[in-house]
Amino acid sequence: MTAHSPAEIIARLESLLEDKTVSQDYVRLRIGLLRAQADTLAALADEPCAEAAQRDIRHVPMLRPEEIRFDRALVERLFEAIAAVSERCGNVGEEVARLRSAMHGDPELLDRFPYRTAFEDEIYMTLLGDRLELPAQLLLFWGRLLAAPFVIHAAGRLLPPKLQILEGAFGGDCPVCGSPPALAGLRKDDGKRILYCSLCGYGWPLDRLACPFCADGAEGGLEKLTVKGEQARWIEICPKCKHYLKTIDSRQLADRQEIVPLVEDVVGLYFNLLAEKEGYGCMRPYTAM
């Protein structure tokens with residue numbers, strides 16, 4: 001599905017362990033989470049998806065929620081893997097124990113959790129967070145980590161192998177699964193702005209001046225937050241909807257490397273902290289592979 005295999009992405013992440021400007025704990029966390037997701041995706045390779053309805057390729061989002069099969073055994077195995085990695089690397093042992101207890105006490109919760117975090121609004125996360133006394137954003141992150149391999153597997157049945165970037169006229173939401181983007185990149189050959197989906201990882205173009213989160217992608221007054229000495233990365237903020245998007249100019253990366261969204265999401269963790277300090281929020285965390 002992606003231009004880079006999980007093994008290649010893990011190798012890139014492992015190289016960050018030599019970079020003292022990046023949180024080593026966070027790098028290890030994302031490596032562990034990616035390995036768990038990759039194992040699930042590999043297990044799904046021979047699993048059937050729900051039959052995809054025939055449709056015009058211009059239909060967006062292309063993937064319908066009912067076409068995703070959340071195998072209970074695989075969801076449970078992935079949940080336990082995510083929980084173990086989070087306990088080991090994320091300093092969230094108490095939160096994991098509380099969620100695990102809730103899942104064991106209500107088996108139907110595990111069935112609903114990945115689907116509802118992927119395809120329904122934040123009211124569910126808020127209510128569930130209040131009920132479990134857990135932060136809604138943490139539940140959203142865990143739930144979408146669970147959902148991502150299943151969404152990616154289903155999307156791969158609709159789109160050509162190895163395709164990563166879709167070309168066409170699209171809005172601010174992912175044309176594949178309907179999720180908002182988690183980051184953007186400027187393509188090295190033509191400088192075109194590409195948005196990367198927070199859930200399935202596919203990319204699509206959007207006008208450089210458009211906020212993907214409000215006004216249905218209409219051009220607006222995006223502003224930039226920058227860090228001194230950093231030329232390749234910055235944050236685009238929207239004063240209207242108060243959301244931010246990490247942006248990477250691949251033309252400014254060392255050796256003009258291609259953008260690997262998960263790697264860039266990890267490298268740019270300090271930008272998240274900067275944006276949140278200024279009162280801006282991300283629409284969805286990057287949980288794709």
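## Basis of the description

A residue counts as buried under 20% relative accessible area, as exposed over 50% and as partly exposed in between, with a 1.4 Å probe and protein chains only. By that rule cysteine 200, at 0% relative accessibility, is buried.

This is a predicted model, in which local features need pLDDT of at least 70 and side-chain atom pairs count only at pLDDT 80 or more, while totals for chains, interfaces and linings use all residues. Residues are numbered from 1 along each chain as its sequence is written, and side-chain values use heavy atoms, with hydrogens and water left out.

## Sheet

Helices (H or I, at least four residues) and strands (E, at least two) are DSSP runs numbered from the N terminus. Two strands are taken as paired if DSSP finds at least two bridges between them. The model has an open sheet of 6 strands with mixed pairing, in the order S3-S2-S1-S6-S5-S4. Strands S3 (203-205) and S4 (223-225) are at the edges with a single partner strand each, so one side of each has no neighbour in the sheet. From one strand to the next, the twist averages 35 degrees; for such angles, axes are lines fitted to C-alpha atoms, for helices over the stretch in contact, and the values run from 0 to 180 degrees between N-to-C directions.

Strand S2 (residues 193-197) runs antiparallel to S3, and 3 bridges join them. Across this pairing, tyrosine 196 stands opposite glycine 203 of S3. Helix H9 (residues 269-277) packs on the sheet and touches S4, strand S5 (233-237) and strand S6 (244-249); contact here means heavy atoms within 4.5 Å. The direction of H9 makes about 145 degrees with that of S6.

S5 is mostly covered, with 5 of its 5 residues buried. Arg233, Ile235 and Ile237 point one way from the strand, Trp234 and Glu236 the other way, and all are buried.

On one pairing, S4 and S5 run antiparallel and are joined by 3 bridges; leucine 225 has isoleucine 235 as its bridge partner in S5. S5 and S6 are also antiparallel, with 5 bridges, and arginine 233 stands opposite isoleucine 248 in S6. S5 and S6 form a hairpin with 6 residues between them, and lysine 242 in the turn has a positive phi of about 65 degrees.

## Aromatic pairs

Rings of Phe, Tyr and Trp (its six-membered ring) pair if their centres lie within 6.5 Å; planes under 30 degrees apart are stacked, over 60 edge-to-face and the rest tilted. The count is 4 aromatic pairs. Phenylalanine 70 and phenylalanine 150 have ring centres 5.3 Å apart and planes at 50 degrees, so this pair is tilted. Phenylalanine 70 lies in the loop between helix H2 (24-43) and helix H3 (72-89), and phenylalanine 150 in helix H7 (residues 136-156), so the pair ties together parts 80 residues apart in sequence. Phenylalanine 70 is buried at 19% relative accessibility, and phenylalanine 150 is buried at 1%.

Tyrosine 115 and phenylalanine 119 form a tilted pair, 5.5 Å centre to centre with 50 degrees between the planes. They are 4 residues apart in helix H5 (residues 107-119), a separation of about one helical turn. Tyrosine 115 is partly exposed at 30% relative accessible area, as is phenylalanine 119 at 22%. Ring pairs link Phe70, Tyr115, Phe119 and Phe150 into a cluster.

## Charges over rings

A charge sits over a ring if NZ of Lys or CZ of Arg is within 6 Å of the ring centre and within 35 degrees of the ring normal. The charged end of lysine 224 sits over the ring of tryptophan 234, 4.2 Å from its centre. Lysine 242, the turn residue with the positive phi, lies over the face of tyrosine 280 at 4.2 Å from the ring centre.

## Cysteines

A disulfide is a pair of cysteine sulfur atoms within 2.5 Å, and the structure holds 0 of them. For cysteine 200, the nearest cysteine sulfur belongs to cysteine 174, 3.6 Å away. Cysteine 282 has its closest cysteine sulfur in cysteine 241, at 12 Å, too far for a bond; cysteine 282 is partly exposed, with a relative accessible area of 26%.

## Aspartate 190

Aspartate 190 is in the loop between strand S1 (181-186) and S2, and is partly exposed at 43% relative accessible area. Its C-alpha atom is separated by 35 Å from that of leucine 140, 50 residues apart along the chain.
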